Amino acid sequence: MRGILAGAVAVTGGALLIAGCSSSSSSSSSAPSSSSPSAGTSSAAAAAPVTVRLGFLANITHAPALIALKDGYFKSALGSAGSVSPTVFSSGTQETTAILAGQLDAAYVGPNPAINAWEKSGGSAIKVVSGVATGGAEIVVKSSVSGASALKGQTLDTPSLGNTQDVALRYYLKQNGLATTTTGGGDVLVKPTTPNSDAVQAFESGQIAGASEPAPYDVEMVKDGGKVLLSEPGSTTLLMVTQSFLSAHPANVADQHKANLQALALIKSDPTKAEADADAEYASYTGKAIKSSLVAASFAQIVFTDDPDETSIATDASQAVSLGLLKEPVSLTGMYDLTELNSQLSAAGQPTVGS
């Protein structure tokens, strides 16, 4: 059900993988007490730079990651005791594959890929440590499509099988009496397509009737004459880390929180700069900037928030189960670790999040 790592966007010349950014001295992993016979050796190892392998998508729904990279928030928060090595992926499905293969330590992902990593590992692989964004994904169709019933026999694209937009589209169709299958059968052909820009091009050329896409791709399709059939509610982006990395390097994860919260704060205090910075970083990975009007329209439909919106994620899981994309039952108990996030929020005088 998950994609393969080989589908990740490959960028040469150092633009894709950035190592050597730093981590603050608070980022080193905990050392054993001095009473331990191996304390000296372990302390030296703990002081060694810690590289966090970070995944994210070149989407505006992942703008905090783009901003934190562009403006050096990870570098300043992580400091001299670590580094960040980011990799851009074409879909959260591919990020989940990389997480489960031990190739990432942390990732900005959609809810369904996070749920899948949790379910596939039996609750042993990941923890969701923060929210990032809600909203910012839509089902966009040709203007001639009068409603769901008119989609019978049509082809619609999604980023990948089982990702958040894919589940949202399939569930919407099911609610309207239209069947889909994971192998391309049913009343509507749902076709996983990466990168997202390929779905936009297919829509522009009339090859597909529409697509379920995150910003800015949904906005581009509307600009090209499409109309919104459904604005997908709930969480669209989360920050998750592997349990092994969280256990070994809690201070490093704490510094990741600092960078993420700094990016969220910039979006709130100076949206114009935030939009420009996100677009510039997006262009460094894709080779093409987004028109400023499309970036602004994308930001306008997204609520960037540290709240993961556990209720909407539970709904996502339930919908995936109803579609046969997840095994039943799926318990999300224990999937969240919001302790460090809430500690930093409390210290800043901000409301805490989570149930």
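1. Aromatic pairs. With rings of Phe, Tyr and Trp (its six-membered ring) taken to pair if their centres lie within 6.5 Å, and planes under 30 degrees apart counted as stacked, over 60 as edge-to-face and the rest as tilted, the count comes to two aromatic pairs. Phe56 and Tyr285 form an edge-to-face pair, 5.2 Å centre to centre with 75° between the planes. Since Phe56 lies in strand S1 (residues 50-57) and Tyr285 in helix H11 (residues 271-286), the pair ties together parts that are 229 residues apart in sequence; helices (H or I, at least four residues) and strands (E, at least two) are DSSP runs, numbered from the N terminus. Both Phe56 and Tyr285 are buried, where buried means under 20% relative accessible area, exposed over 50% and partly exposed in between (1.4 Å probe, protein chains only). The rings of Phe299 and Phe304 have centres 5.2 Å apart and planes at 50°, so this pair is tilted, and Phe299 and Phe304 are buried.

2. Basis of the values. This is a predicted model, in which local features need pLDDT of at least 70 and side-chain atom pairs count only at pLDDT 80 or more, while totals for chains, interfaces and linings use all residues. Residues are numbered from 1 along each chain as its sequence is written, and side-chain values use heavy atoms, with hydrogens and water left out.

3. The sheet. An open sheet of six strands has the order S2-S1-S3-S10-S4-S11, with mixed pairing, two strands being paired if DSSP finds at least two bridges between them. Strands S2 (82-89) and S11 (302-304) stand at the edges, each with a single partner strand, so one side of each is left without a neighbour in the sheet. Strand S4 (residues 126-135) and strand S10 (residues 235-242) run antiparallel and are joined by seven bridges, with Gly131 opposite Leu238 in S10.

4. Salt bridges. The whole structure holds seven salt bridges, each a side-chain nitrogen of Lys or Arg within 4 Å of a carboxyl oxygen of Asp or Glu. One of them joins Arg53 and Asp105 (2.9 Å, N to O); Arg53 is partly exposed at 31% relative accessibility, whereas Asp105 is buried at 8%. Lys273 and Asp277 meet in another (2.9 Å, N to O), and Asp71, Lys273 and Asp277 are linked in a network of salt bridges.

5. Helix H6. Nine of the twelve residues of H6 are buried, among them Arg170 and Asp166, whose side chains meet in a salt bridge (2.8 Å, N to O).
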